[in-house]
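Thank you all for coming.

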Amino acid sequence: MSIRNLSKLFNPASIAIIGASDRAASVGSTVLGNMLAAGFKGALYAVNPKYDQVQGLRCYRHLRQLPQAPELAVICTPPDTVPAIIAELGRRGTRAAIVITAGLGVHDHEGVRLTQRMLDAARPYLLRILGPNCVGMLAPAIGVNASFAHTGALPGHIAFVSQSGALVTAVLDWARSRGIGFSKFISMGESADVDFGDVLDYLARDPDTRSILMYVEDIRHARKFMSAARAAARSKPVMVIKAGRAPEAAKAAASHTGALAGADLIYDAALRRAGMLRVISTDDLFDAVETLAYARALHGERLVIITNGGGPGVMATDALIAAGGTLATLSEPTLKLLDKHLPPTWSRGNPVDIIGDAPVARYREAMQILLDSEDADAILFIHAPTAIVPSADIARALAPLVAASSRNVLACWLGADAVRDARLLFGEAGIPTFDTPEKAVQGFMQIVQYRRNQFLLMQVPPALAEQRAPQREMARALIRAALADGRSMLTEPESKQLLDAYHIPVVQTRVAADPDAAAACARAIGFPVALKILSPDISHKSDVGGVVLDLEDADAVRNSAATMQKRLHAALPKARLAGFTVQQMARRPQSHELIVGVSTDPVFGPVILFGQGGTAVEVMADSAIQLPPLNRVLALDLISRTRVARLLQGYRNRPPADMDAICDTLMRISALVTDIDELIELDINPLLADENGVIALDARVKIGPARPDRLAIRPYPDELEETRQWQGPEGLQPIVLRPIRPEDGEEHVRFFKALESDDVRLRVFTQMNELLPAQLARLTQVDYDREMAFVAVRQRADASWETLGVVRAIADPDNQKAEFAIIVRSDLKGHGLGRLLMTKIIDYCKRRGTGEIIGEALARNRGLIRLVQSLGFEVKNPERGDDTVSLHLPLQSVAG
């Protein structure tokens, strides 16, 4: 589904508790008691056929007796009653329900699961369901505690979303003790209807939510989740704790939620690609709540530590360096300022040890100097209690300084009773406070890693160089032939043909039917050669002695082939022998052995692997994973997350490897994955890489029936490209209308600079002189599954492409409305380019089933208004009386 009617779920004006009860310790009694205690200001109804009054509230025996249809219903009745209740609620006009009831996985007398009956009952009314088998939902700001949790939540700006009911109650209890509040507290349960994608889409637009924390056991709809996650993470911090890191834990998680958990490394890759931050343990989860509650924007990664004891400062430094953090270097002016206020024995460096006998004034002066200094981006304050001055006095002195600063400050009050009041004072001042130096550093590194993930999202890849197009039809014919032959594996020669079709360098290879033919092939190629067995039943040839290298003459080739033949028959008598492959030996003594692979995850679809290759690839365990499609920025990031990346930079007398060639290979593999729906697995091992480029020595490809929409991220839709003839100022000329690409960033800056300032003002309603990096990334890196931007481009004399105009439409998650915007280069207006672009985006939205295209324009933008009116738009003046007009095009009424 989508976010439709989720406002009724998370911001209801009226609520009915169905199954409300007076029976002590029952779910219905607890939910109603929680709602009464929460102070909900809207209409609250109790429904139960057994009562006339429950907990002092009138109780209705039937839904039909309610004075109005509740916007939200909370269902706490037996499983077999739920489908009928949902149907009656839908008929009455209710559009959201929380099903706390468990046990809907059973089948009714017709063999249909009750969960399906419930969904079937809700569907005609678009009635949204949270659950079943959930703890409930809390929205403290409006007095909603529609849950059976043991305590309520304080109002705040963190949204917590969890598949685990136990964690819901644990986090509630912990956060309340720390004075941390929430905007929404959501127990997902089995997510039969409302899932993570829906909730993320809603929370991304929720003004009360500034950050999101999620506990995830499984994800079922990968593309929907990735689209929602990428959108949410661009607007606010999103942290995720994913259970099931070990295979055994993943099985436990699956049995708990009724769905299979994906591989842990692939979840890592997906969350990173979305710009989210993953935390690992329950301790991390609680620390993340603390960090998200109070952290401010971080503009760098340099940390300065101020402490009254050397030991805790060293412990914090060790933790920071081990986590890949940056210890700030204090400048000489800062050191001199500190010298004036600290005793001669102070550490005179970072950590700043102000000595254990420090009075309140020394703390205050040192903190103010560091807050004013430009040497660090964040401060970690560590205090161990002493008899010199009460910790609470120090907290009272420092809290106003920190609160008045824009700098991120984290605190660690070591101890228990002696620092309890100090912790409370810092908490009330909104300062993240941790129990140990290591936890404080971890909190800081969570902010750092989130910043790094966001930085990666904002990187604009360089313009695409002109490259040979892959031979897609040849590749598809190869796959079709193998499938028609009933095979799921390509032979090694076929695998290399597939790579060659995508211009990935492969070693020269010939196929021989017998030992004599192998010797003849070797003579034709030239010695030395490598000889490999060719069998559809053997994937890893070296495991059965099926690889011999550096054969120097024909006799050696012939004898080796005969020996292989005998060895295979003895070891695997049922294995089929199709012959041998003879390959040119690749003499590259300075090369690195790499692996590039593709595997298909049941949740996220194809993923690309890169790492250190060779026969010990499993032992080395040096690899990283990324979701396709890849561009050069993502390819470099994938490489950088391996240990072998440092070796590829060169060392001693070994020159750096050709990183462009490695990136090109990764991007070509990405293109292969996105083009060939039948590709299930691929291994290039080894891929040799040195200063002269790359070459694939061996390849293994597994194929199967095509799976449409198997990619978690929709790739560039090249099927939407078209060439049109355009009558421009210089006469009739061809232009290309195509979707925008991340690689268009540099050209988009040139396009922006060619616009007149008034045209920019007409487009964005304000003065804007330049595109910031974040704006540029947002304009050129679109989610093709939810939005579209078409550019009109033409080729320059130097074969590069220039942007002439752009139109974009961003649909809501329900695809009911898409908001459009268009701009044409100032010197090209009045030549029909705007009409071409608008027609393109209208046709696209119609094909996607979008309900309506909407937009806004300044009333004086007469050119745009005339254009859209001629295309069927309705132009209205909003009631607010400003100088803008609203534009509407109901697509179902557009002819054609």
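Let me begin with burial: I call a residue buried when its relative accessible area is under 20%, exposed when it is over 50%, and partly exposed in between, using a 1.4 Å probe and protein chains only. What we have here is a predicted model, in which local features need pLDDT of at least 70 and side-chain atom pairs count only at pLDDT 80 or more, whereas totals for chains, interfaces and linings use all residues. Residues are numbered from 1 along each chain as its sequence is written, and side-chain values use heavy atoms, with hydrogens and water left out.

By that definition Pro573 is exposed, since its relative accessible area is 55%. Pro573 sits in the loop that runs between helix H20 (554–571) and strand E24 (579–584), where helices (H or I, at least four residues) and strands (E, at least two) are DSSP runs numbered from the N terminus. Between the C-alpha atoms of Pro573 and Gly197, which are 376 residues apart along the chain, there is a separation of 52 Å.

If we set aside neighbours within four places in sequence, Thr803 is in contact, meaning heavy atoms within 4.5 Å, with Glu747, Phe751, Val791, Ala792, Val793 and Arg825.

Turning to whole helices, H22 (residues 632–640) is mostly covered, with seven of its nine residues buried, namely Arg632, Val633, Leu634, Ala635, Asp637, Leu638 and Ile639. These buried residues pack against several elements, among them helix H9 (264–274), helix H16 (437–458) and strand E26 (605–612).

In helix H15 (residues 420–428), the buried residues are Ala422, Arg423, Phe426 and Gly427. Viewed down the axis of H15, they fall within an arc of 135°, taken from the directions from the helix axis to the C-beta atoms, so they line one face of the helix. As a reminder, an α-helix has 3.6 residues a turn, so residues three or four places apart point the same way. The partners of the buried residues of H15 include helix H10 (282–294) and helix H14 (391–404), and just after H15 comes Gly430, with a positive phi of about 80°.

That brings me to H10 and its packing with helix H5 (residues 165–178), at an angle of about 50° and with axes 11 Å apart. Axes here are lines fitted to C-alpha atoms, for helices over the stretch in contact, and angles run from 0 to 180 degrees between N-to-C directions. H5 is therefore oblique to H10, given that angles under 35 degrees count as roughly parallel, over 145 as roughly antiparallel, 65 to 115 as roughly perpendicular and the rest as oblique. The contact is made by Leu167, Ala170, Val171, Trp174 and Arg178 of H5, with Thr282, Leu285, Phe286, Val289, Glu290 and Tyr294 on the H10 side.

Finally, helix H28 (residues 833–848) packs with helix H29 (residues 862–870) at an angle of about 50°, their axes being 11 Å apart, and that makes H28 oblique to H29. In this pair, Gly834, Arg835 and Met838 of H28 meet Leu867, Val868 and Ser870 of H29.
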